[in-house]
Amino acid sequence: AGMKAGDVIASINGRAVKDSGDLLRELNGLRGEVTIVVVRDRKETTLKATIERPAPRTPRGSPRPGVVL
């Protein structure tokens, strides 16, 4: 269940993903549920994922706990 190490993303919402540039273009601006087809052990597997807007970054030195990269 879910993506695993070694999965190769073949498509997102029916659009082919051939390289990392395609992946970034397809993910850019997406929100909500998406369909991802991955190749795992030479078989295509369809996964559902929910894309959410990232949380706002917290400036360094903020009293808020967590990791800031």
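Trainee: Which residues make up the largest nonpolar core?
Mentor: In this predicted model, the largest nonpolar core has 7 residues in all: Ile12, Val17, Leu30, Val34, Ile36, Val38 and Leu47. Strand 3 supplies the largest share of this core, 3 residues.

Trainee: And what is Val17 in contact with, leaving aside its neighbours within four places in sequence?
Mentor: There are two stretches to look at. Val17 is in contact with Ile9, Ala10, Ser11 and Ile12, and also with Asp22, Leu23 and Glu26.

Trainee: How many bridges join strand 3 to strand 4?
Mentor: You'll find 9 bridges there, between residues 32-40 of strand 3 and residues 43-51 of strand 4. Ile36 stands opposite Leu47 in that pairing, and both residues belong to the core we started with.

Trainee: What about the turn of that hairpin: which residue takes a positive phi?
Mentor: That's Asp41, with a phi near 55 degrees. The hairpin has 2 residues between the strands.

Trainee: How many bridges does strand 1 have to strand 3, and how many to strand 2?
Mentor: Strand 1 is joined to strand 3 by 4 bridges, and Val8 stands opposite Val39 there. To strand 2, strand 1 has 2 bridges, with Ile12 opposite Arg15.

Trainee: Changing topic: is Asp7 buried or exposed?
Mentor: Asp7 is buried, because its relative accessible area is 14%, and the cut-off for buried is under 20%. You'll see Asp7 in the segment before strand 1.

Trainee: So what does the side chain of Asp7 have for polar partners?
Mentor: The side chain of Arg40 makes a polar contact of 2.7 Å with that of Asp7. The backbone nitrogen of Lys4 also lies 2.8 Å from a polar atom of the Asp7 side chain. Beyond four places in sequence, Asp7 is in contact with Gly2, Val38, Val39 and Arg40.

Trainee: Last one: what pLDDT does the chain average?
Mentor: The average is 83, and 80% of the residues score at least 70. Among the elements, strand 1 has the highest mean pLDDT (95) and helix 1 the lowest (89).

Note on methods
Residues are numbered from 1 along each chain as its sequence is written. Side-chain values use heavy atoms; hydrogens and water are left out. pLDDT is the predictor's confidence in each residue, from 0 to 100. Two strands pair if DSSP finds at least two bridges between them. A nonpolar core is a set of buried Ala, Val, Leu, Ile, Met, Phe, Trp, Tyr and Cys residues joined through side-chain atoms within 4.5 Å. Buried means under 20% relative accessible area, exposed over 50%, partly exposed in between (1.4 Å probe, protein chains only). Contact means heavy atoms within 4.5 Å. A polar contact is a pair of N or O atoms within 3.5 Å; within protein, one must be able to donate a hydrogen and the other to accept it, and residues adjacent in sequence count only if both atoms are side-chain atoms.
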